[in-house]
Amino acid sequence: MNKTIAVIRGDGIGPEIVNEALAALDVTAQKFNHNFTYIDVDMGGCAIDKWGDPLPQAELDKCIAADSVLLGAVGGPKWNDVPGHMRPEKGLLRLRAGMGVYSNNRPAKIWPQLASASPLKESIVARGIDFIIVRELIGGIYFGEHRTEDVFGEQRAVDVLTYTEAEIERIGRIGFETARRRRGKLCSVEKSNVLDSSRLWKTIMHRLAPEYPDVELSDMLVDNCAMQIVKDPSQFDVIVTENMFGDILSDEASQITGSIGMIPSSSLGATSCGLYEPIHGSAPDIAGKDLANPIGTILSAAMMLRFSFDMDAEANAIESAVAAVLDAGYRTGDIMPTDADEAAMCRLVGCREMGRLIRERI
Ligand code: NAD
């Protein structure tokens with residue numbers, strides 16, 4: 001199969017981790033007889049430096065025209081003081097909106113080899129952590145009106161949170177369908193005791209429920225959900241929630257699984273052209289030092305093969321290679337055990353070596 005992949009290396013550790021993911025894709029293409037063509041796209045701080053814009057239209061067009069997009073990460077202290085509309089993260093919001101990817105899926109799954117890296121008690125981890133957060137990605141408060149105004153000499157800031165029925169319904173359906181393919185449990189998370197947008201959210205979820213009789217729907221307030229994720233994560237199968245709640249909860253969920261460097265994500269809309277990226281940022285503190293964990297990006301590439309290209313066997317080959325490398329005791333710094341006895345059983349490797357070890361096992 002021939003596929004064109006738009007590649008956004010971005011800033012900080014972005015180029016290092018994306019290089020390893022592309023090398024893993026190349027080995028997979030060779031093994032399964034595919035041909036992947038990569039188109040470089042500038043986005044984030046590097047695009048501001050080069051084009052004076054975090055995502056020029058021509059760069060966005062390359063992403064829309066591709067079969068899928070692989071992204072490293074954007075941002076860094078160098079661009080902290082640029083005006084709000086020019087920040088690297090604006091490029092990311094524009095990319096998501098431009099591609100129409102309204103559904104962000106983040107798995108929160110503990111790798112058995114890394115169970116001790118979870119900050120939760122062993123007794124909680126032993127019950128299992130394996131859920132997905134389906135987050136609405138191009139609506140809500142991040143895309144509402146933002147303004148800061150002067151009211152009688154005092155500054156007032158306004159951020160508008162809006163959801164339409166259609167926006168809620170399409171993400172709700174993704175939630176139900178995801179649960180249907182898993183253990184059949186969907187938890188809809190909102191703040192319906194306070195927010196109108198959440199009350200509409202809840203109404204639509206219950207309106208959809210009869211269409212999915214094989215899925216058990218429950219409701220949870222977002223503050224309770226934040227508690228339950230650390231108290232008993234085993235209760236969750238699929239969580240569906242709005243943009244900002246999903247942003248916060250999915251970072252919390254990533255932490256209980258060990259390291260943010262391990263977690264991939266997919267963002268999809270109405271077409272098979274998806275956006276695949278690790279959930280972490282550009283980690284400027286370790287950029288350029290060969291210290292980054294490339295696994296979240298490599299697993300994002302595997303998700304691309306599975307969800308956008310329908311290549312299950314190929315995705316499995318990458319995921320099994322990651323498991324084999326962890327089984328063999330290889331660890332980047334972020335997943336190295338802190339316990340001395342456990343650490344003695346592991347081998348510390350850098351970003352490039354981790355990528356090479358995974359490729360070797362694909
Ligand atoms: P971060 O995720 O970049 O880093 C948080 C911590 O996790 C750091 O200590 C970092 O070293 C570590 N870390 C992250 N990824 C790692 C990896 N693959 N391997 C090993 N360690 C890893 O979050 P931050 O420090 O809050 O943000 C840094 C920059 O990234 C900011 O400019 C922020 O705006 C941007 N950011 C970008 C994205 C994105 O591109 N999608 C997401 C979040 C943050």
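## A buried threonine

Buried residues are those under 20% relative accessible area, exposed ones are over 50%, and partly exposed ones fall in between, with a 1.4 Å probe and protein chains only. By this definition Thr-257 is buried, because its relative accessible area is 5%. The model is a predicted one, in which local features need pLDDT of at least 70 and side-chain atom pairs count only at pLDDT 80 or more, whereas totals for chains, interfaces and linings use all residues. Residues are numbered from 1 along each chain as its sequence is written, and side-chain values use heavy atoms, with hydrogens and water left out.

Thr-257 sits in the loop between H9 and E11, where helices (H or I, at least four residues) and strands (E, at least two) are DSSP runs numbered from the N terminus. A polar atom of the Thr-257 side chain lies 2.7 Å from the backbone oxygen of Ser-254. With neighbours within four places in sequence set aside, Thr-257 is in contact (heavy atoms within 4.5 Å) with Ala-108, Lys-109, Ile-110, Ile-129 and Ile-263.

## The largest pocket

A pocket is an open set of points on a 1 Å grid over the protein atoms alone, where a 1.4 Å probe fits, with protein on both sides within 12 Å along at least five of seven lines; lining residues have an atom within 4 Å of a point. Grid points are joined across faces, edges and corners, and a volume is the space filled by probe spheres set on the points. The largest pocket has a volume of about 830 Å³, and among the 26 residues that line this pocket, Pro-107, Ile-132, Arg-182, Met-303 and Phe-307 lie nearest its centre. Strands E4 (103-109), E5 (130-136) and E11 (264-268), together with helices H6 (165-180) and H10 (295-307), are the elements that each give two or more residues to the lining.

H10 supplies the largest share of that lining, four residues. By class, the lining of the largest pocket holds 12 nonpolar, seven polar and seven charged residues, where Ala, Val, Leu, Ile, Met, Phe, Trp, Tyr, Cys and Pro count as nonpolar, Asp, Glu, Lys and Arg as charged, and the others, Gly among them, as polar.

## Salt bridges

Side chains of opposite charge can pair when their charged atoms come close. With a salt bridge taken as a side-chain nitrogen of Lys or Arg within 4 Å of a carboxyl oxygen of Asp or Glu, the count comes to 31. In one of them, Asp-40 pairs with Arg-9, the closest N and O atoms being 2.6 Å apart; Asp-40 is in strand E2 (residues 35-40) and Arg-9 in strand E1 (residues 2-10), 31 residues apart. Asp-40, at 49% relative accessibility, is partly exposed, and so is Arg-9, at 24%.

Lys-191 and Asp-223 also meet in a salt bridge, at 2.8 Å from N to O. Lys-191 lies in the loop between strand E8 (185-190) and helix H7 (196-208) and Asp-223 in helix H8 (residues 222-231), so this pair ties together parts that are 32 residues apart in sequence. Lys-191 counts as buried at 18% relative accessibility, whereas Asp-223 is partly exposed at 40%.

Key. A polar contact is a pair of N or O atoms within 3.5 Å; within protein, one must be able to donate a hydrogen and the other to accept it, and residues adjacent in sequence count only if both atoms are side-chain atoms.
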